[in-house]
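Dear colleague,

I am handing over the structure we spoke about, and below it you will find my notes on what turned up when I went through it. Please read them with the structure open beside you.

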Amino acid sequence: MTRTLCTILTTSGLLAGAALAGAAPATAVPGAGRIASGVTYRQFDVPAARGTVHAHLLTVDLSDPHVHVDLLTPGAVAARSPVSAMADAAGAVAGVNGDFFNITETQHPGVEATGAGVGPAIAHGRVLKAAVPTAQRFGPALPPGTDTTDVFGVGVDRRARLDRLTLVGTVRTPYATLALRGLNQYALAQGSVGAYTTAWGSASRKRATCGSDTDRAAGCSTDTFEVRIRAGRVVATSAAPGSGAIAAGTTVLLGREAGADRLRALVKGEPVTVREHLVSAAARIPYRFAVGGYPVLRGGEPSAGLNDTTSAVRTAVGYASGGHRLLLLALDGAVAYRSGMTIAEVAREMRQLGAADAFSLDGGGSTTMVARTAGAKTVSVLNHPTDSPERAVANGIGVFWKP
């Protein structure tokens, strides 16, 4: 594939380049060079079916002891923030946007959109959430054989992987042991019980009782029940989903339909034990971080059934060298390049860049790449997001460097 570098790198660092033709200038757009040891950046053109697109690429050497990656978050699962703000708050030197998320609730008037991501999320080795039911996800249609439990992650061994993380949990009451089928999710399966912790944030939990196992737009359940647990005992109950911050050491159980019936048996003062963890389908190594999306390339081969007709601005992550070299790709949303690429084209491009496995993240107005330019203490947006100002998103992948 023919590529054209837009500017030339210097050995001392980044050159500030001119804004892309036909676009509002981004702040200090670099051309190519080193962000930090083990972290490099370049931009280039790629021919696509609907015209030339402009790509931005971060390459991260995970074998460099000064470098690591982790999840960027806005401070709560049910919250949103621009990638640049999350990166600066966390001290990242670079990053991109992450998972698809609960962006709107036009199908459920009066219900708050939570901003929470679709898939599982792990930050700093801590599980934040599990995956919503596949029919309740936001984003383009999934390729065959994929679902909302798919993740891209990096283990404590500093190697990147594609995997699936499934919630396994129980709620033990004086009367029965119930299956826990949700953790800090914006949508729960019909008839299930989910748990909410301080990581959820202050957003209303009403959205979790809307939609069905086959239709995200289905109505909200009127058969719900909540139980608040502290120090292993029920401290309060409610017939409706609540809102507001959840105190540390407190867990809220929310049930819908059959799940609500099981929770109604509980009264204040009774003992309840909640246990949960995410089970990996492939890795035996604990994850330092993981983010949702869906796989597009495995073993150097594009996944079967990838869409090759719908073009859009995209974000993707891949890895090479046995998981030790990370590739973060963001397309440019400037008017001249906004035609974008199909997801099949993204898979082919990631392979061309050397990725063995690759993973699609949220795109469109969410696609954002940020990094610190030479001498800067805060990041700049490197691409031209289609949203202006920069869209607030659920999470991202942050690149960190320490001396």
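**A buried histidine and its surroundings**

H384 counts as buried, because its relative accessibility is 7% and the cut-off for buried is under 20%. Please keep in mind throughout that this is a predicted model, and that the values below are computed from it. H384 sits in the loop that runs between β25 (380–381) and β26 (392–393), and its side chain is joined to that of D332 by a polar contact of 3.1 Å.

**Helix α1**

Which residues of α1 are buried? In this helix, which covers residues 83–90, they are V83, S84, M86 and A87. When the helix is viewed down its axis, these buried residues fall within an arc of 165 degrees, so they line one face of α1. Just after the helix comes G91, which takes a positive phi of about 80 degrees.

Although T52 and Y337 are 285 residues apart along the chain, their C-alpha atoms are separated by 6.5 Å.

**The cavity**

Rolling a probe the size of a water molecule over the atoms shows where empty space is left. How many cavities of 30 Å³ or more does a search of the whole structure find? The search finds one, and the volume of the largest cavity is about 40 Å³. Its lining is made up of D99, F100, V118, G119, R137, T148 and G293, and these lining residues divide into two nonpolar, three polar and two charged.

With best wishes

Note on methods
Residues are numbered from 1 along each chain as its sequence is written. This is a predicted model: local features need pLDDT of at least 70, side-chain atom pairs count only at pLDDT 80 or more; totals for chains, interfaces and linings use all residues. Side-chain values use heavy atoms; hydrogens and water are left out. On a 1 Å grid over the protein atoms alone, a cavity is a set of points where a 1.4 Å probe fits but cannot get out, and a pocket is an open set with protein on both sides within 12 Å along at least five of seven lines; lining residues have an atom within 4 Å of a point. Grid points are joined across faces, edges and corners, and a volume is the space filled by probe spheres set on the points. Ala, Val, Leu, Ile, Met, Phe, Trp, Tyr, Cys and Pro count as nonpolar, Asp, Glu, Lys and Arg as charged, and the others, Gly among them, as polar. Helices (H or I, at least four residues) and strands (E, at least two) are DSSP runs, numbered from the N terminus. Buried means under 20% relative accessible area, exposed over 50%, partly exposed in between (1.4 Å probe, protein chains only). A polar contact is a pair of N or O atoms within 3.5 Å; within protein, one must be able to donate a hydrogen and the other to accept it, and residues adjacent in sequence count only if both atoms are side-chain atoms. The arc is that of the directions from the helix axis to the C-beta atoms.
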